[in-house]
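Thanks for coming. Please have the viewer open.

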Amino acid sequence: MGYSDEEILIWLSYNGINSDKIEKLENIFKNMKDILYISRNELENLRFLNSNMIDKLLGSDIDDVLNTIYNMKKSNNIGILTTYSSNYPISLKFISDKPSVLYYKGDIGLINSNSIAIVGTRKPTLYGKWACEKFTKELTNYNLTIVSGLAYGIDTIAHKTALLNHGQTIAVLGCGINKIYPKSNKALYDDIENNGLIITEFSPDTEPFKYNFPQRNRIISGLSYGVLVIEAQKNSGSLITASHALNQGKEVFSIPGNINSLYSEGTNALIKDGAKLVQDVEDILVELENILHLEYNTKACINNVELGDTENAIYTILKDGPLHSDLIALKSGLDINIVNSTLTILEIKGVVKEIAPSTFTIC
């Protein structure tokens with residue numbers, strides 16, 4: 001039976017041969033089919049395949065692998081791209097260690113859309129949650145697709161906010177396309193599959209091993225024109241994504257934080273090392289305007305409701321970030337009872353929401 005180059009890549013990837021090693025094999029063999037017939041000695045002489053990889057390849061039947069993948073593809077509505085596919089994403093073609101195989105669910109058309117990555121800590125503070133919601137919402141208003149990793153914390157907030165704002169989002173997984181990690185994001189996974197794009201380089205059934213996530217981060221940055229980091233500890237995975245972005249010639253943006261917060265050590269360090277300090281969405285847009293033609297999407301605006309004078313005063317105060325109702329009263333000069341009743345009305349109108357006891361932020 002004859003096998004296509006795409007099928008050879010799928011077989012190699014399924015057997016744990018990563019993209020870097022696949023590219024080396026492509027450079028050595030003019031005909032990828034020859035890999036199926038080489039001996040153990042020839043594989044060992046390549047030097048870059050270890051004994052476990054060689055054992056796995058020699059013990060693997062390509063027909064069995066392809067049948068497994070194609071049956072799963074059909075039953076789970078999975079799409080497959082390889083570097084030989086005509087619709088392989090342009091943004092990944094020229095990055096270092098480009099993924100040889102990509103599995104996906106959802107709208108593959110998003111793969112070449114104008115995108116920005118939003119990443120950060122898995123344990124955001126109230127400030128981090130507010131900042132993530134604010135910037136995600138504002139960026140989707142300019143039709144930018146939000147790329148993130150479906151992890152706890154900032155990733156989850158970014159995906160959810162994009163979808164709630166009728167925006168587009170791409171989730172890049174650190175596991176197989178049929179594995180949902182964390183499991184608590186099952187509903188979000190389904191929502192993104194139906195309204196966005198889920199993508200991974202890992203073969204189906206691959207577990208979310210810890211070492212997969214730093215590897216997948218190059219795809220998050222690779223798909224994006226820039227990376228926005230919102231709260232990150234020192235040596236966090238978000239900083240790895242930022243490092244990939246720099247190596248790929250992408251813009252890196254960072255939101256400053258409290259110098260006493262562990263979750264701001266990484267973002268503040270990025271700024272010190274030259275990342276663009278971000279205070280409002282214009283700080284991002286001005287860097288992208290020479291690359292992208294961005295237009296404000298008025299349809300993405302939600303809660304387009306009229307506000308009374310008192311409601312507007314409180315809304316304006318909350319634009320600067322979440323606040324406790326006592327501080328709102330202090331800043332506005334309004335009686336606390338008036339503040340509380342107005343906040344209740346604003347909640348009903350869908351303009352603000354309570355994110356902690358008596359602490360509010362705009363939606």
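Let us begin with helix H1. Its buried residues pack against helices H2 (19-28), H4 (51-58) and H5 (62-76), and also against strands E1 (79-82) and E2 (101-106). Which residues of H1 are buried? They are Glu 7, Ile 8, Leu 9, Ile 10, Trp 11, Leu 12 and Ser 13. That is 7 of the 10 residues in the helix, which runs over residues 5-14, so H1 is largely enclosed by the rest of the structure. After H1 comes Gly 16, and its phi is positive, near 85°.

The mean pLDDT of the chain is 92, and 96% of its residues reach 70 or more. Over residues 298-302, though, the pLDDT is below 50, and this stretch has 8 contacts in the model beyond near neighbours in sequence. Where pLDDT is low, the predicted coordinates should not be read in detail.

Now the chain as a whole. There are 16 helices and 12 strands. Along the principal axes, the C-alpha atoms fill a box of roughly 85 × 45 × 35 Å. Of the 363 residues in the chain, 50% are buried. Take the contacts with a separation of 6 or more: 70% of them are between residues 24 or more positions apart. The accessible surface comes to about 17,400 Å², and carbon and sulfur atoms hold 48% of that.

On charges, the chain carries 33 positive and 42 negative side chains. The centres of those two sets lie 4 Å apart.

Next, cysteines. How many disulfides does the count give? The count is 0. Two cysteines to look at are Cys 132 and Cys 175. Cys 132 has a relative accessible area of 0%, and because the cut-off for buried is under 20%, it counts as buried. Cys 175, at 1%, is buried as well.

Now some backbone details. Most residues other than glycine have a negative phi, and most peptide bonds are trans. Here are some exceptions.

The bond joins Tyr 181 and Pro 182, with omega about -5°.

Arg 47 is not a glycine, yet its phi is positive, about 75°. You will find Arg 47 in the loop between helix H3 (40-45) and H4. Is Arg 47 buried or exposed? With a relative accessibility of 73%, Arg 47 is exposed.

Asn 143 also has a positive phi, near 60°. Its loop runs between helix H7 (126-140) and strand E4 (145-148). Asn 143 has a relative accessible area of 42%, so it falls in the partly exposed class.

The last stop is Asp 273, in the loop between helix H12 (265-272) and strand E9 (276-277). Asp 273 is exposed, at 68% relative accessibility. Please find Lys 210 too: along the chain it is 63 residues from Asp 273, and the C-alpha atoms of the two are separated by 27 Å.

Methods: Residues are numbered from 1 along each chain as its sequence is written. This is a predicted model: local features need pLDDT of at least 70, side-chain atom pairs count only at pLDDT 80 or more; totals for chains, interfaces and linings use all residues. Side-chain values use heavy atoms; hydrogens and water are left out. pLDDT is the predictor's confidence in each residue, from 0 to 100. Contact means heavy atoms within 4.5 Å. Helices (H or I, at least four residues) and strands (E, at least two) are DSSP runs, numbered from the N terminus. Buried means under 20% relative accessible area, exposed over 50%, partly exposed in between (1.4 Å probe, protein chains only). Accessible areas come from the Shrake-Rupley method with a 1.4 Å probe; for residues, only the protein chains shown count as cover. Lys and Arg count as positive and Asp and Glu as negative; His and the chain ends are not counted. The place of a charge is taken as NZ of Lys, CZ of Arg, CG of Asp or CD of Glu. A disulfide is a pair of cysteine sulfur atoms within 2.5 Å.
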